[in-house]
Amino acid sequence: MKNTIGNLFRVTLFGESHGEAIGVVLDGVPAGIEIDKELFDHQMFLRKPKGTISTQRREKDEVNFVSGLFEDKTTGAPCCMLIYNGDQHSQDYLKIKDVARPSHADYAANVKYGGFQDYRGGGHFSGRLTAPLVAAGAIAIQILKEKGITIGTHVKQLHTIVDDSFSTEIEECKKQIEEINQKEFSIINEDKKEDMIQRIDEARMSLDAVGGVLETCVIGMPAGIGEPAFDSIESRLSHAIFSIGAVKGIEFGLGFGFKDKMSSEVNDEFEVIDGNIVTKTNNNGGINGGISNGMPILFKTVVKPTSSIAKHQKSVNFNTKENVDLEIKGRHDPAIIHRARVVVDSMAAITLVDCLMERYGMVWFQGEKK
Ligand SMILES: Cc1cc2nc3c(=O)[nH]c(=O)nc-3n(C[C@H](O)[C@H](O)[C@H](O)COP(=O)(O)O)c2cc1C
Ligand SMILES: C=C(O[C@@H]1CC(C(=O)O)=C[C@@H](OP(=O)(O)O)[C@H]1O)C(=O)O
């Protein structure tokens, strides 16, 4: 299994949804950082399921720092964060242990691990594993914040309901990011919120699920970060964002919208404002040649509808090789997208800290000497 991402700021993910615990080891954490407890707890809170629009599994998601923290500050040693599981209903999975849930990882994992994988709750493939990613991401977000870099993600589209986009005016966009980062349901145009929540509830009541599109903006990223070709910021971010279950697509800036445009319509022309080089538009999402150009980094992520739905489906028993009728019991998210938004922020932050470290070194982030 490949469970580590990052070059200098490295995240190793472990655990299973119905095992004793899940967690991360975060290596390359600069020393002397005092964890902002309020920000940390807030990030964990944003991922937690609430109400009827999320899974009914209720975990405490308390993060235990096992190492790397001394007298409230990071020591520079690997930071191991552990989250105990407590609300598993493993019997829900016993009956379907050899049946592939359509669009989930069961069949593929069974082939790869020869049936030894923990099938309960999707095991290591569960969305539950995003809790430790958010814990690691909270530290990355704090590190970026201290350097004036902010990240925000909102539900741009839920099924067919569309939210406004981030403002093209940087100060206004910064304000929007601050606002959405406080919201449990991340949306720019509040008038759309009830419709979206209702759509998720309708999906749940009809034993179905919905997906959508997240839009992410990073402001304050300095120009000149990233590498050409293989380690472009686009590839690094994509690698990280695709580690989130249910993500099926990502586009930067105008992305697929470039397909029917003329260059003269979409080229980002440069200009100098108050001595700073900026672009008039940002169709390239703040990245040229794989390297940041100082404009906001903009990308969209498609999150598919949750695969485990209660509606009757056709599948197979991969042991007996028989066709079977499947009705999934259990406590699943009728939509993932509103919880995934903070996971996207987290994975983006982890990636960008890593990219910044490669350019400026770890000392750039280190706390004041005692
Ligand atoms: C926060 C979060 C919650 C999720 N909840 C569920 C769930 O309740 N039921 C489910 O079938 N999939 C859920 N998923 C998605 C699965 O983890 C994912 O579909 C599965 O691992 C297969 O990966 P793939 O969809 O990327 O192919 C969730 C994902 C995330 C990020
Ligand atoms: C528990 C969480 O999400 C889980 C993600 C998940 C999946 O298949 O990804 C399936 C469900 O697990 P279970 O069937 O054990 O209730 C969700 O509840 C969480 O995110 O904390």
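## Conventions

Residues are numbered from 1 along each chain as its sequence is written, while chains are lettered from A and ligands numbered from 1 in the order in which they are written. Since the model is predicted, local features need pLDDT of at least 70 and side-chain atom pairs count only at pLDDT 80 or more, whereas totals for chains, interfaces and linings use all residues.

## Overall fold

Let us start with the whole chain. The protein chain has nine helices and 18 strands (DSSP runs numbered from the N terminus, with H or I over at least four residues for helices and E over at least two for strands). Its C-alpha atoms fill a box of roughly 70 × 55 × 40 Å along the principal axes. The radius of gyration is 21 Å, which agrees with the value near 21 Å for a compact globule of 370 residues (taken over C-alpha atoms; the rule is 2.2 Å times the number of residues to the power 0.38).

Of the contacts between residues at least 6 apart in sequence, 75% join residues at least 24 apart (a contact means C-beta atoms, placed from the backbone, within 7 Å).

## The nonpolar core

Buried residues make up 41% of the 370 in the protein chain (buried means 20 or more other C-beta atoms within 10 Å of the residue's own, these atoms being placed from the backbone). The largest nonpolar core holds 84 residues, and Ala136 and Val353 touch the most other members (a core is a set of buried Ala, Val, Leu, Ile, Met, Phe, Trp, Tyr and Cys residues joined through C-beta atoms within 7 Å). Helix 9 gives the most to this core, 14 residues.

Beyond its neighbours within four places in sequence, Val353 contacts Phe9, Ala140, Ile143 and Leu144.

## Arg47

Arg47 lies in helix 1 (residues 37–47), and an unreviewed UniProt entry annotates this residue as "binding site"; such annotations may be inferred rather than shown by experiment. Arg47 counts as buried because it has 23 C-beta neighbours inside 10 Å. Leaving out residues up to four places away in sequence, Arg47 touches Thr130, Ala131, Val134, Arg339, Val342 and Val343.

## Two ligand shells

Ligand 1 is surrounded by 20 residues, the closest being Gly127, Gly245, Ser308, His332 and Asp333 (a residue counts if its C-beta atom, placed from the backbone, lies within 6 Å). Helix 9 (residues 337–360) supplies the largest share of this shell, three residues.

Around ligand 2 there are 16 residues, with Thr55, Arg57, Gly121, Gly122 and Gly127 nearest.

Methods:
Buried ≥ 20, exposed ≤ 12 C-beta atoms within 10 Å, placed from the backbone. Contact = placed C-beta atoms within 7 Å.
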